[in-house]
Amino acid sequence: INLLLRFLKSAKHFNYTIKVLGQGQKWKGGDYVTAPGGGQKVRLLKTALEEMKKQDKIILFIESYDVVFASGPKELLKKFQQTRHKVVFSSESLIWPDRHMEDKHPHVREGNRFLGSGGFIGYLPNIREMVADWKGKDNDSDQLFFTKIYIDPVKRKSINITLDSTCRMFQNLHGALDEVVLKFENGRVRARNLLFDTLPVIIHGNGPTKLQINYLGNYIPNTWTFENGCTVCHQDLRPLTALKESEYPMVLIGIFIQQPTPFVTVFFERLLKLQYPKNRLKLLIFNQEVHHERHVSSFLHDHGNLYQNVKFIRPEEGMDGPASRNLGFDMCRKDKDCEYFFSIDIEVVLKEENTLKILIEQNLPIVAPMITRVGRLWSNFWGALSSDGYYARSEDYVDIVQGRRVGVWNVPYVSSVYLVKGSLLRSELTDSELFNSHILDPDMAYCHSVRNKGIFMYVTNMHTFGRILSTENYQTDHLHNDLWQIFENPEVRKCLLCIVIMTMISLSIDVSPCPDVYWFPVFSDVACDHLVEEMEHFGQWSGGRNKDSRIQGGYENVPTVDIHMNQINFEKNWHKFLLEYIAPITEKMYPGYYTKAQFDLAFIVRYKPDEQPSLRPHHDASTFTINIALNQLGPDYQGGGCRFLRYDCSIKAPRKGWALMHPGRLTHYHEGLPTTAGVRYIAVSFVDP
């Protein structure tokens with residue numbers, strides 16, 4: 001139905017009068033793929049012509065499911081009359097279905113030699129004469145029937161047939177994909193044939209070019225223009241604003257966890273914030289990862305009762321990914337109340353809280369919110385397919401991903417997060433194994449099935465919906481594994497690890513508590529707590545002795561009870577943190593000094609009254625030192641702080657998450673003041689040793 005609607009919309013745009021032949025009848029004309037067919041079209045045309053009386057009537061006969069109009073009847077009639085023939089067929093560069101007839105085709109002065117039966121225009125008497133001898137079966141070839149008439153010199157002359165050999169009226173895409181490009185002009189879009197420099201009126205995605213006609217249909221005739229953007233994105237919507245919450249469509253959300261993924265807790269926090277009545281949502285949570293069992297269980301324990309129904313599939317149940325997705329579709333298919341299935345993978349970061357409402361209001365069979373990966377052109381849709389069915393980049397892909405073209409786009413593949421109408425699952429997508437394939441990934445198998453059914457898939461980039469996380473380098477052997485992802489997935493850095501560094505210009509506080517000493521916020525409470533908990537979980541604290549095999553030379557002059565960042569494989573992440581966040585502040589506070597934030601030592605120190613409460617006066621083996629307070633004076637410990645002896649200046653209570661930055665050698669001789677109760681933690685970095 002989407003195919004026919006697209007055709008009818010383009011016809012309506014140019015005020016064509018359309019009569020659809022055979023609508024509602026069963027198609028018996030073959031599939032065009034395994035063998036020639038289409039005879040049913042000729043029979044339907046012949047019957048329809050018998051009812052027409054006006055002899056000077058001009059008939060345009062075309063396909064509908066894979067055709068769009070690029071211009072109006074006035075231009076079409078003018079070009080037809082300029083041919084000085086009574087019947088004009090579309091042309092093709094490829095001969096079909098009988099290659100042995102090639103030599104019998106008359107030569108043309110310019111352009112394509114071969115007839116295409118998917119479109120022709122002519123006067124009623126001539127077309128009636130042309131189809132008068134049709135006595136074939138519905139699955140006989142209409143192409144072969146018309147070709148035999150055309151290559152017969154007597155019949156060709158009697159009926160007065162010619163070909164639109166340079167595609168002035170008809171553009172068949174099969175065999176001409178490289179010749180046809182979009183031409184944007186004055187608020188409308190045409191298809192231009194580069195080979196003949198013509199602007200066809202009718203664009204036909206014949207043969208294996210359905211994806212290309214879908215691509216062109218995103219623009220032609222004025223679906224999207226540079227002047228007006230998307231002109232149809234607000235048509236045929238399903239508004240929810242007038243509905244009571246109890247009247248909202250019932251949605252089954254399928255959540256799929258198939259690999260270790262960072263920030264799973266945050267995923268569920270975002271799910272809770274989704275602006276949609278919870279009692280109109282059902283959940284299917286499929287989890288294949290034992291590592292994430294506690295995250296899912298915690299969410300369901302705290303919030304599962306908010307939803308109308310929850311089904312949780314655990315790792316021990318042994319279900320694989322394709323089976324889980326098939327199950328999700330089947331649950332919606334069998335539930336008469338399920339109006340939509342919303343599929344979302346765990347690595348999706350949905351920032352737009354109204355995503356579900358927005359997708360439902362689009363009123364499309366399958367629609368995905370566009371999400372991207374930070375700093376890359378990766379997204380959850382493909383703009384085109386290669387000849388073997390894999391990814392290919394469409395001409396507009398980069399513009400869509402980067403937001404230079406905004407709209408709702410008909411695409412051949414969506415993944416990661418998308419909405420499917422339940423009625424579609426109960427009518428055209430009834431196969432219970434849509435995601436199964438011996439050669440294709442589950443999402444590719446599903447999209448392949450959808451395309452073969454002629455169902456349109458769309459992606460919308462009309463809002464900034466969110467991002468997708470990188471999972472390639474995610475490890476699960478730490479306590480807080482997400483700490484290792486703050487640079488792998490930088491988009492979520494601020495909201496998840498909550499690094500809240502501010503530039504010194506924006507600070508309204510006294511940034512220099514002692515001469516050449518500066519302090520400023522770097523970590524949130526969450527970041528501080530995770531670092532402390534990670535070190536305590538690792539547990540291999542040094543004894544605070546001078547002999548230390550972890551450092552070069554094996555001797556520490558001023559030892560502390562500590563764990564080095566490299567002991568937990570965190571030194572690369574820590575260096576990126578120092579380089580990206582600390583170095584710019586250093587260069588602002590110490591003008592003329594530029595740093596690459598190199599360090600030999602970066603570690604977490606633990607001060608306890610009964611272990612090591614303080615540190616004697618010393619210089620640091622650094623050009624400058626960063627000292628970050630990881631817990632809070634009062635609730636966590638008493639005492640503590642730092643005293644710079646030369647200036648007799650003490651900082652008694654560095655705030656939790658704040659960094660103290662000071663020169664390491666020569667001028668800033670300092671000591672760690674005694675911790676008198678509790679446990680104090682600080683993160684120390686000796687930068688540029």
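User: Is Tyr 307 buried or exposed in this structure?

Analyst: This is a predicted model, in which local features need pLDDT of at least 70, side-chain atom pairs count only at pLDDT 80 or more, and totals for chains, interfaces and linings use all residues. Residues are numbered from 1 along each chain as its sequence is written, and side-chain values use heavy atoms, with hydrogens and water left out. Buried means under 20% relative accessible area, exposed over 50% and partly exposed in between, for a 1.4 Å probe and protein chains only. Because Tyr 307 has a relative accessible area of 5%, this residue is buried.

User: Which class does the pair of Phe 184 and Phe 226 belong to?

Analyst: Rings of Phe, Tyr and Trp (its six-membered ring) pair if their centres lie within 6.5 Å, and planes under 30 degrees apart count as stacked, over 60 as edge-to-face and the rest as tilted. The centres of Phe 184 and Phe 226 are 4.7 Å apart and their planes stand at 65°, so the pair is edge-to-face.

User: What is the accessibility class of Phe 184?

Analyst: The relative accessibility of Phe 184 is 29%. Phe 184 therefore counts as partly exposed.

User: Which residue forms an aromatic pair with Phe 299?

Analyst: Phe 299 is buried, with a relative accessible area of 5%. In its tilted pair, with 6.3 Å from centre to centre and 55° between the planes, the partner of Phe 299 is Tyr 307.

User: How many aromatic pairs does the structure hold?

Analyst: One aromatic cluster is formed by Phe 61, Phe 89, Phe 120, Trp 134, Phe 145 and Phe 146. For the structure, the number of aromatic pairs is 42.
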